[in-house]
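Q: Could you show me how to read a protein structure one feature at a time? I would like the general idea and then the case at hand.

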Amino acid sequence: MSIATLDASQHHNLPTSAKTLFEAKAKKKVTFEEIAQKLGREEVACAAIFYGQAKASPDDIKNLSELFGIDHAQLEEQLSGFPDRGKSIEMPPKEPLIYRLYEIVQNYGYAYKAVLNEKFGDGIMSAIAFSTKVEKETDKDGVVWVNINLRGKWLPFTRF
């Protein structure tokens with residue numbers, strides 16, 4: 001079983017909680033899927049807490065404290081602020097997998113925009129009223145595929 005870990009020396013803009021959580025995760029040898037089950041959230045939402053990109057609820061803090069044996073007061077202090085989203089990596093990203101996701105938007109962004117505008121009108125997809133899910137799919141030939149579902153509330157532009 002592969003466990004996602006963090007080399008903190010490669011990520012200078014992450015909050016203190018990232019190091020705390022990733023060290024505990026590596027020590028306990030748990031996946032984000034297992035953490036998600038404990039928190040009652042999706043895997044990506046749990047990972048976003050680890051990177052400081054999502055706000056942890058009081059229940060999340062309690063459950064993470066219990067799961068990892070981290071002092072509740074320490075974790076509460078590290079996770080109780082507001083996330084500082086979007087500053088953890090430079091743009092364009094250099095990590096190949098993240099770059100490929102960025103490349104998808106570079107190559108297909110305007111195509112997505114055109115299709116979304118035709119279906120929904122003038123507006124944008126929210127990244128706040130938003131959820132995402134990652135699934136592994138194996139086809140009949142045994143080829144493994146990534147399936148990323150993005151679900152965002154449609155926000156029509158308003159006239160002013």
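The dialogue below goes from the whole chain to single residues.

Q: What should I know about the model and its numbering before I begin?
A: This is a predicted model, in which local features need pLDDT of at least 70 and side-chain atom pairs count only at pLDDT 80 or more, while totals for chains, interfaces and linings use all residues. Residues are numbered from 1 along each chain as its sequence is written, and side-chain values use heavy atoms, with hydrogens and water left out.

Q: How many helices and strands does the protein have, and in which order do the elements run from the N terminus?
A: Helices (H or I, at least four residues) and strands (E, at least two) are DSSP runs, numbered from the N terminus. Here the protein has six helices and two strands, and the elements follow one another as α-α-α-α-α-α-β-β.

Q: How do I read the overall dimensions and the surface of the protein?
A: A box along the principal axes describes the extent of the C-alpha atoms, and for this protein the box is roughly 50 × 50 × 30 Å. Accessible areas come from the Shrake-Rupley method with a 1.4 Å probe, and for residues only the protein chains shown count as cover. The accessible surface of the protein is about 11,800 Å², and carbon and sulfur atoms hold 55% of that area.

Q: What percentage of the residues of the protein count as buried?
A: A residue is buried under 20% relative accessible area, exposed over 50% and partly exposed in between (1.4 Å probe, protein chains only). By that rule, 24% of the 160 residues of the protein are buried.

Q: Which residues of helix α4 are buried, and what covers them?
A: Helix α4 spans residues 58-68, and its buried residues are D60, I61, N63, L64, S65, L67 and F68. Contact means heavy atoms within 4.5 Å, and the cover over the buried residues of α4 includes α1, α2, α3 (43-50) and α5 (72-79). Take N63 as an example: N63 counts as buried because its relative accessible area is 13%, and, leaving aside neighbours within four places in sequence, N63 is in contact with K38 and L39.

Q: Where is S57, and how far are the C-alpha atoms of S57 and E76 separated?
A: S57 is found in the loop between α3 and α4, where its relative accessibility of 28% makes it partly exposed. S57 and E76 are 19 residues apart along the chain, and their C-alpha atoms are separated by 9.6 Å.

Q: In which sense do strands β1 and β2 pair?
A: Two strands pair if DSSP finds at least two bridges between them. Strand β1 (residues 123-138) and strand β2 (residues 144-156) pair in the antiparallel sense over twelve bridges.

Q: Which residues does UniProt list for "active site"?
A: UniProt positions are given in the numbering used here, feature names are shortened, and annotations may be inferred rather than shown by experiment. With that caution, the unreviewed UniProt entry lists R100, E103 and S126 for "active site". R100 lies in helix α6 (residues 96-120), and E103 is also placed in helix α6. R100 counts as partly exposed because its relative accessible area is 48%, and E103 is partly exposed with a relative accessible area of 24%.
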